[in-house]
Structure formats: structure tokens, C-alpha cells
Amino acid sequence: MDIKLLIPKALMVLTVAAMSVPDIRRKKVPVYMLFLMLIPVTASIISDLVVISIRGGEQVTTEGFIGRLLAVMGLGLIPGTALILLGRVTGKIGLADGIVLSGIGVMEGFMGALSVICFGSLLLSIPAAVLLAAKKVKKQTGLPFIPFLGAGYLIWIFLLSR
Amino acid sequence: MDISTEQIKDGGSSIRKLRETAGGYFTVEAALLFPFVLGVILLVIYLWFYSYDRCLMEQDCAIALVEALGERGVSPEERVGILLEKYESIYKDEYVGWIPQAAEASYSKGVLSIKQSGKLRFPFRGLIFWNGKDVWTAEANYKGSVIKKMFGIRTYRKINGLIQGDRND
């Protein structure tokens, strides 16, 4: 994988890892940490522009770049926005999860965000089932989701986006 | 420049807002239901894509074959060429995620045939390590005979006669 594309991904993994700590402790994430996601997202946009201009050897027009950016970002925001709306409607999903997924979606596009939410939720369902079977938790108990989103993101980077 | 108490309060509240927290949790109930529901939705969508693309491929093969059979005064080799040309000229952007293979056409003993296959890569294919078969495939095989002019005229007359007979009765 191109190192220029890998740097924003690594930054995003670090940001998600940092957000996982308060999430595991209190199942809440400070808002300023969510703003930290702007760093990898901006880095991703810059590296994307650099890679397109170097690898493609083509003249990147402003319209072309903005169009491509809006297409990737717009579609990538769909899973995160859907998760936020689902959380607002049902009250069973936290707002921060949707925001983190939106951040990942902006970087990785629609399929990336979809894969991350699929694997994140699949991984979360294992401890949820185990804890419920052991009667350690009730149905309404909240479980931290951001660490699992991080795990899903790692699966996406190393196994699926190749 | 004087800073009023209100402004200090405003500044303080915006910093407080940054320190505020947003929930990052899934309830156990949601954690158990969500992957199942999401999996079912994805499966339905991909089965829909597969069925749609397969139908479209069969339809395109049939259209190209009928059009190629309708050509008059051409040699068998030319007819095969026309068939492939007609097939390739059909608008392909309607396909959703379909990867078509090269179409094969042949002509023998008055029968013109076209064979086409395609595949749809399903999501999360990077996780399939054991056999590498990360696709759903489909094949369309259509055959048609070139109708001679005389056969066409006789058949038309026969059908026309039957219709007239029905009307007289």
C-alpha cells in the first residue's frame, strides 16, 4: 500500500484507539476527541490529491477533484448518518458511534464504512451474547462500541481493502 | 478592550461544550440484532443485484441473437461477426457490479449460438481464504435457427389461413 495513503489511516487508527479509552471506561467520548478525527480526514484529502497528481500523471482540475471528493465523501457518509438516525430513533445506539463511522466513511468511502460497521457489530455481538448468557448484563445495558469499530477498521485495512 | 462577564460566560460555555461527552455505546439488545439485520439486508441487496444482472445478460444475448438472425444475405462467418458486434453495441452501463466475460458466438448447421458468462463479486471477499471463489457466476446460452424466406412465407400463410378460418366459423 502507498505510504501516503497509509499515514492518514494510521492516524485514524490512533484517534479511534484514543477514543476507545474513555468509551470503555464511561461509554462516553469527549466531544473534542471527535473533533480530533478532522486531522486524519484532512490528511486523507491531502494525500489523495498528492497520489492522484503523482501516480496518475494527469492534470488534476479543481472541479474534477472536488467532484471526486464529494462523490466519495457523500456516499461514505451514508452508513454513519444512518447509524446516527437509528440511534436518535431507537435510543439504543450512541451518537459518537455514528460520528466515528461517518469519519471513517469520509476516508474509506461507502463500502469501507459498510464493512467497518458490519465487522464492528459482528465482533460486538460475541461479547454481548456471552455476557447475556452469563447473566452479567441486561438487554438495556450499554456496551462500548468504538473499540469494536476500531477492530472493524483494522480488518478493513488489512484484509478487505486490498 | 473590555471583556464583559457575558462574553467570559459565553467563552466558558463553548469550552464546556467541547468537554461534554457523546454516548459511544450499543445496548446488548442492539448488539445482538444489528449484525443479523444488516447481514440479511446486504444479502437481499446482493441477491437482487445478481438476479438483475443475470436477467439483463440473458436479455442482451437474446436481443443480439434475434437481430443477427434477421440479417439477410450474409455468410455464416459474417453472421457470427454481426452477432458479436450487436452484442457489444448494447448499452452495458445498466449492469450493477457485473463483471462480464468475453462473449463467444458460433454457427453450425444453420444454428447460430451465443454464450456469455459473468460474475458478481460479493462484499467482504478478502475474508475468503480457503478456495478463492469469491464470486457468484451465471451463464447464458442462446441458440437460434436462421429462417429461410420460403419457410417464413408458408408459416405466415398457414397462420393467416387459421385466423381467417376462425373468423369464418
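Which residue is the bridge partner of A:Leu143 in β2(B)? The close-ups below, from a predicted model, start there.

**View 1. Strands β2(A) and β2(B) pair across the two chains.** B:Phe26 is the bridge partner of A:Leu143. The two strands run in the antiparallel sense, over 3 bridges. Strand β2 of chain B covers residues 25-27.

**View 2. Chain A meets chain B.** Chain A puts 38 residues into the contact, and chain B puts in 23 residues. On the chain A side, β1, α2 (31-36), α5, β2 and α6 each give at least two residues. Helix α5(A) has the largest share, 15 residues. Sorted by class, this side of chain A holds 24 nonpolar, 7 polar and 7 charged residues.

**View 3. Helices α5 and α6 of chain A cross.** Helix α5 spans residues 95-133, and helix α6 spans residues 146-160. Their axes come within 7 Å and cross at roughly 105°. Angles of 65 to 115 degrees count as roughly perpendicular, so α5(A) is roughly perpendicular to α6(A). The contact of these helices has 17 nonpolar, 4 polar and 2 charged residues.

**View 4. A:Lys27 has a positive phi.** Most residues other than glycine have a negative phi. A:Lys27 is not a glycine, yet its phi is about 55°. A:Lys27 sits in the loop between α1 (3-26) and β1 (28-30) of chain A. A:Lys27 counts as buried because it has 20 C-beta neighbours inside 10 Å.

**View 5. A:Lys135 also has a positive phi, about 60°.** A:Lys135 lies in the loop between α5 and β2 (142-144) of chain A. With 7 other C-beta atoms within 10 Å, A:Lys135 is exposed.

Methods:
Residues numbered from 1 in each chain as written. Chains lettered and ligands numbered in written order. Predicted model: local features only at pLDDT ≥ 70, side-chain atom pairs only at ≥ 80, totals over all residues. Axes fitted to C-alpha atoms, helices over the stretch in contact; angles between N-to-C directions. Helix = DSSP H or I, 4+ residues; strand = E, 2+ residues; numbered from the N terminus. Parallel < 35°, antiparallel > 145°, perpendicular 65-115°, else oblique. Nonpolar A, V, L, I, M, F, W, Y, C, P; charged D, E, K, R; others polar. Buried ≥ 20, exposed ≤ 12 C-beta atoms within 10 Å, placed from the backbone. Contact = placed C-beta atoms within 7 Å. Pairing = 2+ DSSP bridges.
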